[in-house]
Amino acid sequence: MQFTLRIHGEAPDLAAISRELATLDPAALVDIDARGQAVRIATSATEAELRSSLRRAGMPAAPHDLIQLPSECCGGCGG
């Protein structure tokens, strides 16, 4: 699943978020969008698991700031 987390103020600690997510999904990807306004997250974790990981990383997400994006999967890779 893909999510965006809106950033308010300072940029979050991406390494801390990645470490927390790695316990659930070692293949998770975390980065900041080109405008620096949102964290992009690709993970197999559920939204509840992601919220918990973000809290442990010191980045609690308000309900309106974490948005699950529609799937872009075409099914071609079988994953």
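The model is predicted: local features require pLDDT of at least 70, side-chain atom pairs count only at pLDDT 80 or more, and totals for chains, interfaces and linings use all residues. Residues are numbered from 1 along each chain as its sequence is written, and side-chain values use heavy atoms, with hydrogens and water left out.

Helices (H or I, at least four residues) and strands (E, at least two) are DSSP runs, numbered from the N terminus. Four strands form an open sheet in the order β2-β3-β1-β4, with antiparallel pairing; two strands pair if DSSP finds at least two bridges between them. At the edges stand β2 and β4 (66–69), each with a single partner strand, so one side of each has no neighbour in the sheet. On average, neighbouring strands of this sheet are turned by 20° against each other, direction ignored; axes are lines fitted to C-alpha atoms, for helices over the stretch in contact, and angles run from 0 to 180 degrees between N-to-C directions. Four bridges join β2 and β3 in the antiparallel sense, and Leu 29 stands opposite Ala 42 in β3.

Helix α1 packs on the sheet, where it touches β2 and β3, and its direction makes about 165° with that of β2. Contact here means heavy atoms within 4.5 Å. In α1 (residues 14–22), the buried residues are Ala 16, Ile 17 and Leu 21. Seen down the helix axis, these buried residues fall within an arc of 130°, so they line one face of α1; the arc is that of the directions from the helix axis to the C-beta atoms. Buried means under 20% relative accessible area, exposed over 50%, and partly exposed in between (1.4 Å probe, protein chains only). The partners of the buried residues of α1 are β2 (29–32), β3 (38–42) and α2 (47–56). Helix α2, in turn, lies across β1 (2–6), β3 and β4, and runs at about 145° to β4.

The largest nonpolar core has 17 residues, of which Leu 5, Ile 17, Leu 21, Ile 41, Leu 50, Leu 54 and Leu 66 touch the most other members. Such a core is a set of buried Ala, Val, Leu, Ile, Met, Phe, Trp, Tyr and Cys residues joined through side-chain atoms within 4.5 Å. At least two residues of this core come from each of β1, α1, β3 and α2, and α1 supplies the largest share, three residues.

Gly 36, finally, is placed in the loop between β2 and β3. With 38% relative accessibility, Gly 36 counts as partly exposed.
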